[in-house]
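Please keep the viewer open as you read.

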Amino acid sequence: MSARYQVTGRTAAEISASIESGVRVGDLPAGAALPPVRALAAELGVSPATVARAYQDLRQRGLLATAGRHGTRVRPRPPVATRRALRPSTAPGVRDLSLGEPDTRLLPSLGPHLAALAADFDTPIGYASAGVLPELADAARERLAADGVPAADVTVTGGALDGIERLLAAHLRPGDAVAVEDPGWANLLDLVAALGLRAIGVPVDDEGPVEAGVRAALAAGARALVVTSRAQNPTGAAVSADRAAALRALLAGRADLLLIEDDHAAELARVPLHPLAGVTGAWAFVRSVSKPYGPDLRLAVLAGDEATVARVAGRARVGAGWVSTVLQRLVLALWRDPATAALVDRAGADYERRRGDLLTALAARGLAGHGRTGINVWLPVPDETSAVTALRDAGWAVAPGALFRIAAAPGVRVTVSQLDPADLPALADAMARAVHPRSPATFTA
């Protein structure tokens, strides 16, 4: 724990508030270790049970995580706004390949579309006229149906994670178990913790969640399963036809399970979609526009069974209300524009080339990376700290796998969206010096 910050309090509530204050002001940064329960109890002059209750409260609210022999630590992204930057800026001379963001040079320009839509906004709309635009819903159904997703019931949310949060909140209660990919999307792991839910890790290989892992999670009481259809973050996995068939057989008829599919790569994906949608009684398919069209476009289409979509839409009405119709019209214009479609297609091909070139360069140096789709490459390593440090010293910032893992083996994530062909030899050489070759069949420990 930071020597600059001292936990105070005599009750569990006071201790919890003191630790949360330390996180909020930045004196307890992400990953900071807290004292063992008995040590802090002795320091504060309270019983160990009091400190244990404080820690439990913070874990249930997603601020702390128990890291086995590494003790109790502040989560990488605790659900508390801080006064200091959560992420330090990259040192001068270091190329940042850690962000997981698309290349802004390959995103469509929004200005011309906004200008063309200007006439539509001459007459302001009121609350009664807001909601999901019928023409957007129709276009979404058509696009989803082309990929084999049944989409009779559709709504929109403020991005993929917003949709997933609404789904989990509508179906589950604090303490319920959620099966998530391991390694998997860091933001989802943090969201599950913030909602007071319990994450059960499901091993992943290049074809998606491993069937035996899903079976084990169901046996352990998982009430929801979240699957990334394509471009899985961080491994680049994509659900294959064979894996989809196996999972559909396993999940068929499950009335007690909420199935959520996340197809965030959408039009950028260069492999076919093999959806699981409709195999369970409660299901949802979420497709965001952020990766193909721009992260500032906070909109995702959510299709699902009638009851599930009604719950999400109904909860929105008593909360945020609706996704801006201005934003909906802009997304619809982007969908309808052939030039934008061609640009997105070129972007997908460009990411495919960059990712493939990096994997080829790593393989030539005896390193088995993973990245079947998407903008990221996952490289298993013996020790994340030493690998990340060695790469940083060589001028490359990558994301440590600890952000994405529950029980999976160590690794690092490299985002290829900022890579140019001239970068590859130096990066691959640096990665070869930083890690040892390793090629497991799955990403599990």
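This is a predicted model: local features need pLDDT of at least 70, side-chain atom pairs count only at pLDDT 80 or more; totals for chains, interfaces and linings use all residues.

Residues are numbered from 1 along each chain as its sequence is written, and side-chain values use heavy atoms, leaving out hydrogens and water.

Let's begin with helix 5 (residues 134-146) and helix 12 (residues 325-336), whose axes are 10 Å apart and meet at an angle of about 40°. Helices here are DSSP runs of H or I with at least four residues, strands are runs of E with at least two, and both are numbered from the N terminus. Axes are lines fitted to C-alpha atoms, for helices over the stretch in contact, and angles run from 0 to 180 degrees between N-to-C directions. Helix 5 and helix 12 are therefore oblique to each other; angles under 35 degrees count as roughly parallel, over 145 as roughly antiparallel, 65 to 115 as roughly perpendicular, and the rest as oblique. Their crossing is left-handed, a term for a near helix turned anticlockwise from the far one by less than a right angle, with clockwise giving right-handed. On the helix 5 side the contact (heavy atoms within 4.5 Å) is made by E135, L136, A139, A140 and R143, and on the helix 12 side by Q328, R329, V331, L332, W335 and R336. These residues divide into six nonpolar, one polar and four charged. In this scheme Ala, Val, Leu, Ile, Met, Phe, Trp, Tyr, Cys and Pro are nonpolar, Asp, Glu, Lys and Arg are charged, and the others, Gly among them, are polar.

Now turn to helix 13 and helix 15 (residues 424-434), which pack at about 45° with axes 9 Å apart. That makes helix 13 oblique to helix 15, and the crossing of this pair is right-handed. Look for D357, L358, A361 and L362 of helix 13 meeting L424, L427, A428 and M431 of helix 15. By class, this contact has seven nonpolar residues, no polar ones and one charged.

On a 1 Å grid over the protein atoms alone, a cavity is a set of points where a 1.4 Å probe fits but cannot get out, a pocket is an open set with protein on both sides within 12 Å along at least five of seven lines, and lining residues have an atom within 4 Å of a point. Grid points are joined across faces, edges and corners, and a volume is the space filled by probe spheres set on the points.

The second largest pocket has a volume of about 220 Å³. Of its 16 lining residues, V156, A316, G321, W322 and V323 lie nearest its centre. Helix 11 gives the largest share of the lining, four residues.

Finally, the whole structure holds four cavities of 30 Å³ or more. The largest contains about 140 Å³ of space, and A231, A265, T373, G374 and I375 lie nearest its centre.
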